[in-house]
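Good morning, colleagues. Please look at the sequence and the structure first.

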Amino acid sequence: MEIAQFLEDLPRGDLWVFGYGSLMWSPGFRCAEKQTALVRGYHRALCILSSRYRGTPEKPGLVMGLCSGGSCWGIAFRVPASRVRRVVTLLWKREMLNKVYKPTLIPVTVAPGRRIRALAFVADTAHKQFVKELDLHGRAQLVAQGIGQRGRCVDYIRNTLEHMLTLGVNDPHLARILDLAIGLSPGSKSP
């Protein structure tokens, strides 16, 4: 989908954006409101090869994607109607360069009993950058080697875990990948 078509299809008014990875701690836009948010029917997965922001084509890193099944805690940001076009354009440039995500409006709970629809970047499981099968050690190796325009992949994972903890969410699997990656990359330091 192209941005013009996406903008045309968007409901008018404010737009909520769901962050589950770096958007939680580095959204890159101003919002009118932000809320802890829960999505059911999708889960956070370390499943997208990064050859730009957290890696290079020669040494890709590994970043988050939102995948079908389970649930996911994150942050929902409310963008006022007057800024929607600008924010979607910024997000499109950031998230859609390789079209590894499918921009999707998904149901999100932001407070007990308050459900909204929010823009989320869902992993395209048919894309060549989507990692289907890879064991814990293989994922840790990609995280350890990944350094790109936005920095080290280990820092991306660490920041994501730290922000998940502020939401009261613990992810032992992701924490194990980070620990293994730190052990594999001498330039990384434990906090």
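Predicted model: local features only at pLDDT ≥ 70, side-chain atom pairs only at ≥ 80, totals over all residues.

E95 is buried, with a relative accessible area of 13%, where buried means under 20%, exposed over 50%, and partly exposed in between, for a 1.4 Å probe and protein chains only. Its salt-bridge partner is R94, with the closest N and O atoms 3.0 Å apart; a salt bridge here is a side-chain nitrogen of Lys or Arg within 4 Å of a carboxyl oxygen of Asp or Glu. R94 is buried too, at 9% relative accessible area.

Residues are numbered from 1 along each chain as its sequence is written, and side-chain values use heavy atoms, with hydrogens and water left out.

How many salt bridges does this rule give? The count comes to six.

One of them joins the side chains of E2 and K99, at 3.3 Å from N to O. This pair links distant parts of the chain, 97 residues apart: E2 lies in the segment before helix 1 (3-9), and K99 in the loop between helix 3 (84-95) and strand 4 (101-111). Helices (H or I, at least four residues) and strands (E, at least two) are DSSP runs, numbered from the N terminus. E2 is partly exposed at 48% relative accessibility, and K99 is partly exposed at 37%.

Finally, D14, E33, R78 and R114 are linked in a network of salt bridges.
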